[in-house]
Amino acid sequence: MALPKLLLLSAGATFEEIARDHGDFDAWFKSALQGDAELHDCKVFQGQPVPDVRDYDGLIISGSPASVTQWEPWMDTAVTAIREAADLGLPVLGVCFGHQLLGKAFGGRVELNPAGREIGTVDVVMTKPGSTDPVLGPLFPTFRAQATHVDTVLEPPPAAEILARTAQDGCAAMRLGKSIYGVQFHPELSAEVMRRYIQKRGRIIDGERGSGAWKKLHRGVGETRAGETILRRFVHEVVHPRRGAPKARARNTQSALMGDGAFREAQATGHDGQPLHYNTVGRGGPALMMFDGIGCDQYAWKHLVNHARHRHRVVRWNYPGHGRSPAPPDWLARPSQRLTIEGLADEAIRVMDHAGLEKAVLCGHSMGVQVALETWNRHRDRVQGLVLVCGSYGRPLSTFHGHGAMEVALPLIRRVFHKRPGITRGVWRRLLDSELAYRVAILTGEVNGQLIQRADMFPYFTHISQVDPLLFIEMLGHASRHSAREYLGRVDVPALVVAGQKDTFTPAWLSEEMHHAIPQSEMLMVPSGTHTAPIELPELVNLRVEKFLATYFGGLSAPSRAA
């Protein structure tokens, strides 16, 4: 029997020196698949027309120095071919950039990896779905692979199953349906080519990790046959069984893979005409509306969103001056109501209106607890329930670390920040966007170093370093003057209160007070959890939220207050 024909969409080229000595992407794939498949190369990144995919038994998309986050016209051509292959039921394998392009094509979210560049021979750890996968399963529980990338599939497509992870990447391999695979690592790379890549990136690596870092990575490169095994098993376990099957266009294959719950980004309009950036993913009800703490860009919700999006539509948004939502114009000269807790509550409704949410369960973390409560207070007809995580119902500085010293010091800190704004902003960025900030948080017990994943925490420091410290202190002042105490007893929707047992930002007893004051509330105390409990013990938090939502909105019997 003739070998199966695979179409390789080459999405880029390697360095000239490496290509001269070792060949390019197409040569590496051909070498790895020699004797198993016939590979036809199309350099789509150079504008070469893509052949009719119906003439092939499968499709591979290569790595590339290009980035999905900086879109180029040829990427549209590649996505068209990918979706056509999916509609025909053809096996597809995306590698590194190709993996990210698959994520983007089917509704995922691709961004610069918040955990930083991943390069070298890395340990890949299988997930439960990966352990039984026909392609990766035999490598369970862990294997080594060559990797080099700076972007990542930060949020996989709604229909994707994550098959493997690494220390720096939560989606190292995924599968959509039965025949579409993406791997973030490079199964086609040899150890020698990997060493050449590290050497070429040496100066950049040292700039990111410190002097001599690249040499350490270079020494750590090792031979591995796992990549070749994956490529060959893709051919034998996925391509061969579908070879010769009718290629009549499968109806709604794209819709099934993307789902109505595909990741989408949009902008509502704030009260002063400025955009409010938000994103939405998932489908089903009730919808969940996420409220961040000050300086945060959705990092605390990462695990809950990935868990909930299969049953619920989830909307996350950026406060003014956070993420991709600009600060109010001239807010320093003319204080803006939009930065107050009350103003943020009103802005949340504008986001809900734009996203088409009539009602939602509001999920607040840290200061987001105050904003969620105030949204209920001002817009009760729009709120179905409350999930209040590691936050205070009011005046959080009066209980910060168990005393009110920070509340007393805030006016002085504000004056210092405003006296030398340029110096303040420079120091703020350098200190927070560094390894030091993470180490200090661990050493002081602000986060639980034994529970937290480094890759989960670094996005927080990266984002908060980009928030104007003067705006941060302004919003902190508004939060310190706000309290929902007077109306907690009138909250008439179901509420779940989540507390970290070792939270020093908003001590657990505050959550207990809130639980006892809200008539229809339940409580979860996260053992050993700190202010970042949702990313320290995500499974516990996710399952408890799922139970809460099922109980009050899915037909289960609600527990008695005594329980």
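## Strand pairing in the sheet

Two strands count as paired if DSSP finds at least two bridges between them. Helices (H or I, at least four residues) and strands (E, at least two) are DSSP runs, numbered from the N terminus. The model is predicted: local features need pLDDT of at least 70, side-chain atom pairs count only at pLDDT 80 or more, and totals for chains, interfaces and linings use all residues. Residues are numbered from 1 along each chain as its sequence is written, and side-chain values use heavy atoms, with hydrogens and water left out.

β12 pairs with strand β13 (residues 275-281) in the antiparallel sense, over 6 bridges. Within this pairing, A266 has Y278 of β13 as its bridge partner. Both strands belong to an open sheet of 8 strands with mixed pairing. The order is β12-β13-β15-β14-β16-β17-β18-β19. β12 (264-269) and β19 (521-526) are the edge strands, each pairing on one side only. From one strand to the next, the twist averages 20°.

## A helix on the sheet

Helix α21 (residues 538-553) packs on this sheet. It touches β14 (288-291), β16 (360-365), β17 (383-389), β18 (495-500) and β19. Contact means heavy atoms within 4.5 Å. The direction of α21 makes about 170° with that of β19. Axes here are lines fitted to C-alpha atoms, for helices over the stretch in contact, and angles run from 0 to 180 degrees between N-to-C directions.

## Nonpolar cores

A nonpolar core is a set of buried Ala, Val, Leu, Ile, Met, Phe, Trp, Tyr and Cys residues joined through side-chain atoms within 4.5 Å. Buried means under 20% relative accessible area, exposed over 50%, partly exposed in between (1.4 Å probe, protein chains only). The largest core has 62 residues, and M289, L373 and L386 have the most contacts inside it. Beyond its neighbours within four places in sequence, M289 touches V315, W317, A348, V351, M352, A360, V361, L362 and C363. A second, separate core has 34 residues, including V95, C96, A147 and L163.

## Aromatic rings

Rings of Phe, Tyr and Trp (its six-membered ring) pair if their centres lie within 6.5 Å; planes under 30 degrees apart count as stacked, over 60 as edge-to-face and the rest as tilted. There are 10 aromatic pairs. F291 and W317 have ring centres 6.0 Å apart and planes at 90°, so they are edge-to-face. F291 lies in strand β14 and W317 in strand β15 (residues 314-317), 26 residues apart. W317 and Y319 are also edge-to-face, because their centres are 5.1 Å apart and their planes at 85°. Ring pairs link F291, W317 and Y319 into a cluster. F291 and W317 are buried, and Y319 is buried too.
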